Amino acid sequence: MARTAGILAAKRTPDLIPLCHPLRITGVEITFELDQRASALAIEARVKTVDKTGVEMEALTAAAAAGLTVYDMVKAVDKGIVLTDLCLLEKSGGKSGAWRRRRR
């Protein structure tokens, strides 16, 4: 369900974020990595388009919606869940070109 929510959110980003223009999205991939030791779930969203612009907002919106969906699904077990570190990891294309976050 969280993967589906993320994909749908990426496609609806212009409806959710003011001044984001609609893009022709050609692919959305949502992945989940569970770290049982830390009781953490990492969610990564990758979005592709044929348009000559970045899709950062679509990817961030997808990851946020997927995280919120996970929260909704497990809140009965633990309401203390925290969503953290929503950030852009890397991008390519658009006016600003390629960019990658430095790992800590």
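Start with the largest nonpolar core: select Ala 2, Ala 10, Leu 23, Val 28, Ile 30, Ala 45, Val 47, Val 55, Ala 59, Ala 62, Ala 63 and Ala 66, and you have its 12 residues on screen. Keep in mind that you're looking at a predicted model. Why look for a group like this? In soluble globular proteins, nonpolar side chains tend to be buried together.

Next, colour the pieces that build this core. Helix H1 (2–11), strand S1 (25–35), strand S2 (40–49) and helix H3 (56–74) each put in at least two residues. Which of them gives the most? That's H3, with four residues.

Stay on the core and click Ala 59. Ignore its neighbours within four places in sequence, and what does Ala 59 touch? Its contacts are Ala 45 and Val 47.

Now zoom out and switch to cartoon view. Trace them along the sequence and the pattern reads α-α-β-β-α-β-β. If you look at the C-alpha trace, it spans about 45 × 30 × 20 Å along its principal axes.

Then think about contacts across the whole chain. Take those with a separation of 6 or more: 48% of them link residues 24 or more positions apart.

Time for the surface. Of the chain's 104 residues, 25% count as buried.

Last stop: select the charges. There are 17 positive and 12 negative ones, and their mean positions lie 4 Å apart.

Note on methods: Residues numbered from 1 in each chain as written. Predicted model: local features only at pLDDT ≥ 70, side-chain atom pairs only at ≥ 80, totals over all residues. Heavy atoms only, no water. Buried < 20%, exposed > 50% of the residue type's maximum accessible area, 1.4 Å probe, protein only. Contact = heavy atoms within 4.5 Å. Lys, Arg positive; Asp, Glu negative; His and termini not counted. Charge placed at Lys NZ, Arg CZ, Asp CG, Glu CD. Core = buried A, V, L, I, M, F, W, Y, C linked by side-chain atoms within 4.5 Å.
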